[in-house]
Amino acid sequence: MADEPHILLVDDERDIREPLASYLSRNGYRVSKAGDAAAARQLLAAHGFDLVLLDIMMPGEDGLALTGFIRATAATPVILLTARAEETDRIVGLEIGADDYVTKPFSPRELLARIKAVLRRTSNGAGQPVRAPEAESYAFGPWVLKTGERELVDRDGVAIPLSTGEYNILHAFVTHPRRVLSREQLLDFSQGRELAAFERSIDNHISRLRKKIEESPSDPKLIKTVWGGGYMLAAEVKRL
């Protein structure tokens with residue numbers, strides 16, 4: 001049905017891709033499949049997806065590179081599927097902009113729970129983007145965060161792509177300006193407590209946000225670190 005959330009599943013292993021696609025279809029999702037990054041790019045150009053399930057280890061362009069492409073062009077949430085045990089690969093994925101990861105071999109029920117948790121943060125349950133009840137805009141420094149469009153624009157009106165986590169954290173900052181927010185509070189604001197293990201990714205989200213909005217990310221003027229406390233948006237915020 002058209003109102004089913006549409007998932008793009010990208011995995012070069014057919015014996016994983018096909019059964020997983022069938023499982024997700026039986027559980028109320030519309031699934032498009034790709035065996036490599038090139039096929040995934042074609043599907044991404046042709047369709048709007050609610051979520052991408054993406055294997056890291058693929059021949060040719062790997063999942064990390066494809067995640068970077070997705071994050072540079074859209075805010076579509078990404079869950080990485082990885083057989084790698086090294087924590088570094090998972091951290092790199094989060095730094096690039098993935099919303100979550102699941103390590104192979106995984107329980108399909110666990111993956112389904114992760115998918116539902118991510119979609120709860122990004123959709124109304126029918127695959128449609130969340131809109132604020134009353135769309136608002138918040139101006140801070142040279143930026144404007146638009147809640148209706150869920151986008152950040154610069155003074156020239158050029159949109160800057162944000163991941164779901166980045167948008168939610170930035171929204172927490174502009175609605176609580178000049179207030180120190182702990183990592184736990186930012187986690188609650190941005191992702192909910194379903195993914196408590198994601199707490200360590202708050203620092204990664206902050207680092208990526210600084211690279212996007214600060215003139216000098218190494219000497220941030222907008223998002224300040226408060227040692228022992230958390231982070232604070234130091235700029236004045238005006239509701240437009």
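In helix α2 (residues 37-46), the buried residues are Ala37, Ala40 and Leu43, where buried means under 20% relative accessible area, exposed over 50% and partly exposed in between (1.4 Å probe, protein chains only). Helices (H or I, at least four residues) and strands (E, at least two) are DSSP runs, numbered from the N terminus. This is a predicted model, in which local features need pLDDT of at least 70 and side-chain atom pairs count only at pLDDT 80 or more, while totals for chains, interfaces and linings use all residues. Residues are numbered from 1 along each chain as its sequence is written, and side-chain values use heavy atoms, with hydrogens and water left out.

**Helix α2**

- The buried residues of α2 fall within an arc of 120° when seen down the helix axis, so they line one face; the arc is that of the directions from the helix axis to the C-beta atoms.
- An α-helix has 3.6 residues a turn, so residues three or four places apart point the same way.
- On the face turned away from the buried side of α2 are the exposed residues Gln42, Ala45 and Ala46.
- β1, β2 and α3 are the elements against which the buried residues of α2 pack, with contact meaning heavy atoms within 4.5 Å.
- Asp36 caps the N-terminal end of α2, with a side-chain oxygen 3.3 Å from the backbone nitrogen of Ala38.
- A polar contact is a pair of N or O atoms within 3.5 Å; within protein, one must be able to donate a hydrogen and the other to accept it, and residues adjacent in sequence count only if both atoms are side-chain atoms.

**Helix α3**

- Gly63, Leu64, Leu66, Thr67, Ile70 and Arg71 are the buried residues of α3 (residues 63-73).
- Down the axis of α3, these buried residues fall within an arc of 160°, so they line one face of the helix.
- The exposed residues Ala72 and Thr73 sit on the face of α3 turned away from its buried side.
- Thr67, in helix α3, is buried at 1% relative accessibility.
- Leaving aside neighbours within four places in sequence, Thr67 contacts Leu54, Val78, Leu80, Ile96, Gly97 and Ala98.

**Salt bridges**

- The structure holds 15 salt bridges, each being a side-chain nitrogen of Lys or Arg within 4 Å of a carboxyl oxygen of Asp or Glu.
- Lys104 and Asp11 form a salt bridge, with their closest N and O atoms 2.9 Å apart.
- This pair links distant parts of the chain, 93 residues apart: Lys104 is in the loop between β5 (100-103) and α5 (108-122), and Asp11 is in the loop between β1 (6-10) and α1 (14-26).
- Lys104 is buried, at 12% relative accessible area, and Asp11 is buried, at 0%.
- A network of salt bridges links Asp11, Glu13, Asp55 and Lys104.
- Glu18 and Lys33 meet in a salt bridge through their side chains (2.8 Å, N to O).
- Glu18 lies in helix α1 and Lys33 in strand β2 (residues 30-34), so this pair ties together parts 15 residues apart in sequence.
- Glu18 is partly exposed at 22% relative accessibility, and Lys33 is partly exposed at 39%.
- Asp219 and Lys221 also meet in a salt bridge through their side chains (3.2 Å, N to O).
- Asp219 is partly exposed, with a relative accessible area of 39%, whereas Lys221 is exposed at 52% relative accessibility.
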